[in-house]
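Open the structure in a viewer and keep the selection tool at hand. The stops below say what to select and what is there.

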Amino acid sequence: MKASMYHRSEGVALYTADATASMAELPDGSVDCLVTSPPYWRLRDYAPSVRAGGHSQIGLEETADGYVAALRAVFAAARRVLAPRATVWLNLGDSYSTNSDGYWCAARGQDRQPHYRPRADVPHKNLLGMPWRVAFALQQDGWLLRSAIVWHKPHTTPTQVQDRLATRSELIFLLVSQLDYYFDTGSVRRSWGARGQPGDVWTISPDRSRSGHPAPSPVEIPRRCIAAGCPPGGHVLDPFSGSGTTGIAARELGRRFTGIDTNAEYHRIALRRLTTLP
């Protein structure tokens, strides 16, 4: 899928294509901070029109290994565009083998949603540990895993599952490519009022706004990541930008933003949100 420019203005660029094709349009070493939450494995079909056109979409791979391999390829492509001292913040949720909990989150109007997760490489009802599978694979590729942040969600959508505990957390990984990287602890403290050394458990309520995206991230997550891991005036990239939440945080903090998504409809939503910032 060839990348196309959807929008460019002062401080904001939006590309429509898959992550790898769009990153090919960016100069070497031009990104100071990558903040993203890729589609989780076999949870939603975010761009049925793209898939109908014969293009692949990350998250719909037939196997768990295929999903891990697809994300490895994205982050391999990201190495070229990242500055040497760049930070990478990766939010991933987990899932169960063969959709055993009946956990499927199709939003109204998403009529092409998958209805059953294929069997993974573990028996029925197993938690896959997908975030850690990806993190360990990226370690094998040479990335340095610096933190595993627990995003504690105090208010989550109820499920009917009766034989396990409710899921109220996701993981956010901080990865870097070298030992010397940008990290501003002072900005972290100021950005959310932390005292002492900020910790790796973040209690942040899920986004309840009706942005038009089926899985909007709360803006506080990229706000914290960017405050800590992007120098003032730096360039933030989200290769799975959806409705532009990372971009909102970047612009609020005075950073430039590039967003990539396969679905131009999400760019329309993102642009509306970005142009209404104070």
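Select Trp132 and Phe136 in this predicted model. Both residues sit in helix H4, four residues apart, which is about one turn of the helix. Residues three or four places apart on an α-helix point the same way, because there are 3.6 residues a turn. The two rings form a tilted aromatic pair, with 5.4 Å from centre to centre and 35° between the planes. Tryptophan 132 has a relative accessible area of 33% and is partly exposed; phenylalanine 136, at 44%, is also partly exposed.

The structure holds three aromatic pairs. For another of them, select Phe75 and Trp143. Their ring centres are 6.4 Å apart and the planes meet at 85°; an angle over 60 degrees counts as edge-to-face, so this pair is edge-to-face. Phenylalanine 75 belongs to helix H3 and tryptophan 143 to the loop between H4 and E5, so the pair links parts of the chain 68 residues apart. Phenylalanine 75 is buried, with a relative accessible area of 1%, and tryptophan 143 is buried at 4%.

Next, show the largest nonpolar core, which has 40 residues. Met23, Tyr67, Leu82, Leu90, Val134 and Leu237 have the most contacts inside it. H3 supplies the largest share of this core, nine residues. Other elements that each supply at least two include helix H1 (19-23), strand E4 (82-92) and strand E6 (169-176). Centre the view on methionine 23: beyond its neighbours within four places in sequence, its contacts are Val74, Ala77, Ala78, Arg80, Val81, Leu237 and Ile260. A second, separate core has 25 residues, among them Cys33, Val35, Trp202 and Ile204.

Move to helix H7, residues 245-252. How many of its eight residues are buried? Six are: Thr245, Thr246, Gly247, Ile248, Ala249 and Ala250. The elements covering these buried residues include E3, H6, strand E8 (235-238), strand E9 (256-261) and helix H8 (264-275). Just after H7, glycine 254 has a positive phi of about 75°.

The last stop is the second largest pocket, with a volume of about 260 Å³. To find it, select Ser147, Leu174, Phe183, Gln197 and Pro198, which lie nearest its centre among the 16 lining residues. Strand E5 (144-152), helix H5 (185-192) and helix H6 (220-229) each give two or more residues to the lining, with E5 giving the most, three. By type, the lining comprises ten nonpolar, three polar and three charged residues.

Technical notes
Residues are numbered from 1 along each chain as its sequence is written. This is a predicted model: local features need pLDDT of at least 70, side-chain atom pairs count only at pLDDT 80 or more; totals for chains, interfaces and linings use all residues. Side-chain values use heavy atoms; hydrogens and water are left out. On a 1 Å grid over the protein atoms alone, a cavity is a set of points where a 1.4 Å probe fits but cannot get out, and a pocket is an open set with protein on both sides within 12 Å along at least five of seven lines; lining residues have an atom within 4 Å of a point. Grid points are joined across faces, edges and corners, and a volume is the space filled by probe spheres set on the points. Ala, Val, Leu, Ile, Met, Phe, Trp, Tyr, Cys and Pro count as nonpolar, Asp, Glu, Lys and Arg as charged, and the others, Gly among them, as polar. A nonpolar core is a set of buried Ala, Val, Leu, Ile, Met, Phe, Trp, Tyr and Cys residues joined through side-chain atoms within 4.5 Å. Buried means under 20% relative accessible area, exposed over 50%, partly exposed in between (1.4 Å probe, protein chains only). Contact means heavy atoms within 4.5 Å. Rings of Phe, Tyr and Trp (its six-membered ring) pair if their centres lie within 6.5 Å; planes under 30 degrees apart count as stacked, over 60 as edge-to-face and the rest as tilted.
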